[in-house]
Amino acid sequence: MSRGTVGGGTVGGDGSHRVRVDLGARSYDVHIGSGVRHLLPRVVSGLGADRVVVVSARPSGAVPPPGVPSVEIALTDGERDKTLGQVEALCREFAAAGLTRAGAVVSCGGGTTTDVVGLAASLYHRGVPVIHLPTSLLAQVDASVGGKTAVNLPEGKNLVGAYWQPAAVLCDTDYLRTLPAREHTNGLGEIARAHFIGTGDLRGRPLAQQIAASVAMKAAVVASDERDAGRRHVLNYGHTLGHALEVATGFRVRHGEAVAIGTVFAGALAHELGRIDAVRAAEHREVVAHYGLPTALPSEVDVDTLVPLMRADKKATDHGLAFVLDGPAGPELVADVPVEVVVRTLRAMPSTPLAGTEAVSSPG
């Protein structure tokens, strides 16, 4: 198969993309394109796994036969099921299936599935290999890559987790054909925020290229800072407010939608702090709007509710809130942002009623 190099990794003769996440002994490939899920038996064989447990939030048949004895476990794919209780239940299922460290786990579902299954794999027998088959755009663009796994607590989102890199990620774009329109747009939230942290302008490019460019950007960041000691903070662009909005609305605002609003806010806050000019701040709103994503705060959420939730963010300090913000040197973590500046900027943002009232239970 002939290959060429593009900004989104290498491109095969079949049009698929391959992005390498370079982490030494823990390096792995992310394959992106139509039909790449069928690489699963090759990946399993390369691991030498003698048994596989497939954890799937998709209908039977979504995961190809792995080539070794396997057991399939059904999972509900939603933020409300992203709990420590779910992790324990999965680990007990692994034990019942006879999984040992000589085996492997396969996840198939959205971002909540990759998070829960990844965390369970990291804990069971102190770590078994996991292969992700993300089926939502949000998961393919971001959640399945980079090794961050976490579950929620009532006090906040992603507060309990571990770093556990997958053995491979197979982003089959065929899975995206059945996504509801809102879930497709939801996934674009991470692509919109990627505009401001290293991918450049992806507007107008084919979806597979947008995914590959976003993954390649994230892979480079993760390779340089696997455990959030510095540069990896840029991947949280738009997420501090975004996570708060998810919790405040009972996840009626989906993750990508929340990150989109958080990205617009990040531009406004950076401008308020004198880090960027008005034109660059407006660009945040223009890019988010281009992808059909929300740019306004939900009017049902009071600003005073959001501040305590943002204080629960892992980047927050005793002296103020912390945000990843654009600036003269590009995006960087800005600590100790005065609460009064944050509140003033939030109150200046437009607001609109929530488009829907249902909580997230579909791919995320």
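## Salt bridges across the structure

A search of the whole structure turns up 22 salt bridges, a salt bridge being a side-chain nitrogen of Lys or Arg within 4 Å of a carboxyl oxygen of Asp or Glu. The structure is a predicted model, in which local features need pLDDT of at least 70 and side-chain atom pairs count only at pLDDT 80 or more, while totals for chains, interfaces and linings use all residues. Residues are numbered from 1 along each chain as its sequence is written, and side-chain values use heavy atoms, with hydrogens and water left out.

## Pairs that link separate parts

Let's begin with Arg58 and Asp77, whose side chains meet in a salt bridge at 3.1 Å, N to O. Arg58 sits in the loop between strand 5 (52–56) and strand 6 (70–74), and Asp77 in the loop between strand 6 and helix 2 (84–96), so this pair ties together parts that are 19 residues apart in sequence. Helices (H or I, at least four residues) and strands (E, at least two) are DSSP runs, numbered from the N terminus. Asp77 counts as buried because its relative accessibility is 4%; buried means under 20% relative accessible area, exposed over 50%, and partly exposed in between, using a 1.4 Å probe and protein chains only.

Another salt bridge joins Lys218 and Asp142, with the closest N and O atoms 3.0 Å apart. This pair links distant parts of the chain, as Lys218 belongs to helix 6 and Asp142 to helix 4 (residues 137–143), 76 residues apart. Lys218 and Asp142 are both buried.

Helix 9 (residues 278–290) holds both Arg280 and Glu283, which are 3 residues apart, about one turn of the helix. An α-helix has 3.6 residues a turn, so residues three or four places apart point the same way. Arg280 and Glu283 form a salt bridge, their closest N and O atoms being 3.1 Å apart. Arg280 is partly exposed, at 24% relative accessible area, and Glu283 is partly exposed too, at 21%. Salt bridges that share partners also join Arg37, Asp172, Asp174 and Arg177 into one network.

## How helices 5 and 6 cross

Helix 5 (residues 181–194) and helix 6 (residues 207–224) have axes that come within 10 Å and cross at roughly 50°. That makes helix 5 oblique to helix 6, since angles under 35 degrees count as roughly parallel, over 145 as roughly antiparallel, 65 to 115 as roughly perpendicular and the rest as oblique. The axes are lines fitted to C-alpha atoms, for helices over the stretch in contact, and angles run from 0 to 180 degrees between N-to-C directions.

Thr178 has its place in the loop between strand 11 (168–172) and helix 5. Thr178 is exposed, with 70% relative accessible area.

## A covered helix

Helix 7 (residues 239–248) is mostly covered, with 8 of its 10 residues buried. Among them are His239, Leu241, His243 and Glu246. After helix 7 comes Gly250, whose phi is positive, near 60°.

## A nonpolar patch on the surface

On the surface, Leu84, Leu153 and Leu159 form a nonpolar patch, with about 210 Å² of accessible area together. Patches are made of residues with over 30% relative accessible area and no salt bridge, with like charges joined within 9 Å and nonpolar side chains (Val, Leu, Ile, Met, Phe, Trp, Tyr) within 5 Å. Accessible areas come from the Shrake-Rupley method with a 1.4 Å probe, and for residues, only the protein chains shown count as cover. Leu153 is found in strand 9 (residues 148–153) and counts as partly exposed, at 31% relative accessibility.
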